[in-house]
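Hi,

Here is the structure I said I would pass on.

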Amino acid sequence: MKRGQLSDQFEGVVAKRLTEVEARPDRSNQHELNGSLPLRKLLGDDDRRNISARFIWLGEEQAAVSVDGVLSWYDARRRHPTRTEYRLYYSSNEVTEIMAPGDIFFLAMRQDGSVLLIIVPVDSTVQNQLFWLFGLDTLSGTGFAFQEIEGSHDPELNFAARYILDELGVEPAEPEADTLDTLIEPFGLRFPTTRIFSDLARRSLPHISARDNPDDALVAWMEREEQLFRRLERRIVAEKINAGFQGPDGADVDSFLSFSLSVQNRRKARAGSALENHLEAVFQANDIRYVRGAETENRNKPDFLFPDKQAYADPAFPADRLTMLGSKSTLKDRWRQVLSEAVRISQKHLLTLEPGISENQTDEMQAKELQLVLPETLHTTFRPAQQTWLMNLANFIDLVRSRQEFYQ
């Protein structure tokens with residue numbers, strides 16, 4: 001599948017750890033960062049006023065906050081014959097009011113000349129994701145680090161990259177638009193069920209074999225379904241916007257907000273259902289015995305239980321031959337929900353598609369006997385020390401298969 005490159009979206013990026021004076025200016029509502037060589041590499045040597053900017057805060061659990069604004073980049077000693085004193089200036093807003101000393105500041109230059117100013121908590125999952133996406137190493141001190149997006153630092157917009165860009169509100173152009181339009185044409189302006197969409201995604205990639213490579217198959221199927229869904233969503237949303245949101249007294253703001261919320265909720269719900277659909281197809285292709293959504297204790301329903309509900313309910317069936325798998329397309333802090341499911345199974349397994357989860361989170365998972373499972377291609381988004389602990393989908397299937405050899 002064609003995907004595009006990161007350089008289609010960005011020219012370069014700088015990052016730094018915010019100091020007390022940078023995060024909380026005490027005498028005005030204005031922020032000013034001293035210029036440095038990395039900033040000059042990104043912004044150039046000419047004065048630039050009113051640079052279009054999107055300010056974004058991304059926390060571990062807090063919903064993203066974003067606001068539009070402007071930046072100014074100038075040499076305060078432009079008229080001096082020998083000295084320079086570059087400064088980056090921007091006004092306070094909803095995002096800058098949240099940021100705190102120690103947070104990580106990213107300034108990413110878009111290809112259209114606008115910028116993303118992104119603030120994230122230090123050592124967070126989203127920090128790891130952005131470091132991986134932009135090819136940055138761990139920051140030292142409080143100085144700026146610069147990375148140009150080109151050559152060896154120009155990754156393909158694969159599943160992990162697109163996942164992170166979506167968190168930033170960046171939606172790359174779709175290289176296979178004509179093919180996708182042909183596939184969704186029969187649906188008109190209505191969404192089919194998720195099962196139908198998932199089946200279409202798999203059928204549109206006949207060369208993909210979940211038996212030969214379950215990890216790559218899961219990612220390819222999820223990526224294709226996301227492409228199909230976003231393409232159809234774009235048509236449906238455009239039609240609704242063109243029809244307008246009008247009430248008896250003019251613009252119906254409540255109706256617009258309700259529609260916008262429904263779009264976001266549909267995206268989240270469909271992603272989770274699609275992941276379960278494609279996992280089910282992987283297990284079927286590999287002749288794995290399972291049950292989906294079976295009820296265990298306290299009305300809990302693990303996403304997948306192996307080999308089946310009858311074996312789990314039989315106290316004579318060895319607990320070490322039972323397996324459960326939770327599945328969450330995005331993890332955040334919701335992984336703890338899995339811990340209360342399937343009490344008979346001491347070590348839980350959880351599959352996610354979220355890249356670059358923080359070490360604090362994975363350390364706690366290990367302490368709680370929760371084994372994280374990710375498609376192999378996502379392992380590189382984690383720190384080296386984490387990668388040795390991660391399990392891929394093929395390994396998980398082998399584990400379940402070895403336990404089921406004793407089940408008749």
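Let me start with tryptophan 73, which counts as buried because its relative accessibility is 0%. Keep in mind while you read that this is a predicted model. Tyrosine 86 is buried too, with 7% relative accessible area. Tryptophan 73 belongs to strand β4 (residues 65-75) and tyrosine 86 to strand β5 (residues 86-91), so their pairing ties together parts that are 13 residues apart in sequence.

As for aromatics in general, there are 13 aromatic pairs in the structure. In the pair made by tryptophan 73 and tyrosine 86, the rings are stacked, at 5.0 Å centre to centre with 15° between the planes.

While we are in β4, have a look at valine 67, which is also found in that strand. Valine 67 has a relative accessible area of 18%, and the cut-off for buried is under 20%, so valine 67 still counts as buried. Leaving out residues up to four places away in sequence, valine 67 touches Ala53, Arg54, Phe55, Asn93, Glu94 and Val95. Take glutamate 94 from that list: it sits 27 residues from valine 67 in sequence, yet the two C-alpha atoms are 7.1 Å apart in space.

Phenylalanine 283 and phenylalanine 396 make a tilted pair, since their ring centres are 6.3 Å apart and their planes are at 50°. One partner, phenylalanine 283, lies in helix α8 (residues 253-285) and the other, phenylalanine 396, in helix α12 (residues 393-404), so this pair ties together parts that are 113 residues apart in sequence. Both belong to one aromatic cluster, formed by Phe283, Tyr290, Phe304, Phe306 and Phe396.

Five strands make up an open sheet with mixed pairing, in the order β11-β12-β13-β14-β15. At its edges are β11 (291-292) and β15 (370-373), each with a single partner strand, so one side of each has no neighbour in the sheet. Two bridges connect β11 with β12 (residues 304-306), and these strands run antiparallel.

Next, which helix is largely enclosed by the rest of the structure? That is α4 (residues 159-167), because seven of its nine residues are buried. The buried ones are Phe159, Ala160, Ala161, Arg162, Tyr163, Ile164 and Leu165. Among the elements covering them are β1 (10-17), α3 (125-134) and α7 (214-243). Both ends of α4 deserve a look. Asparagine 158 caps the N-terminal end, with a side-chain oxygen 3.3 Å from the backbone nitrogen of alanine 160. Just after the helix, glycine 169 adopts a positive phi of about 80°.

Finally, two arginines to look up. Arginine 110 has its charged end over the ring of phenylalanine 10, at 5.2 Å from the ring centre. Arginine 202 lies over the face of tryptophan 221, 5.8 Å from the centre of that ring.

Cheers

Technical notes
Residues are numbered from 1 along each chain as its sequence is written. This is a predicted model: local features need pLDDT of at least 70, side-chain atom pairs count only at pLDDT 80 or more; totals for chains, interfaces and linings use all residues. Side-chain values use heavy atoms; hydrogens and water are left out. Buried means under 20% relative accessible area, exposed over 50%, partly exposed in between (1.4 Å probe, protein chains only). Helices (H or I, at least four residues) and strands (E, at least two) are DSSP runs, numbered from the N terminus. Contact means heavy atoms within 4.5 Å. A polar contact is a pair of N or O atoms within 3.5 Å; within protein, one must be able to donate a hydrogen and the other to accept it, and residues adjacent in sequence count only if both atoms are side-chain atoms. Rings of Phe, Tyr and Trp (its six-membered ring) pair if their centres lie within 6.5 Å; planes under 30 degrees apart count as stacked, over 60 as edge-to-face and the rest as tilted. A charge sits over a ring if NZ of Lys or CZ of Arg is within 6 Å of the ring centre and within 35 degrees of the ring normal. Two strands pair if DSSP finds at least two bridges between them.
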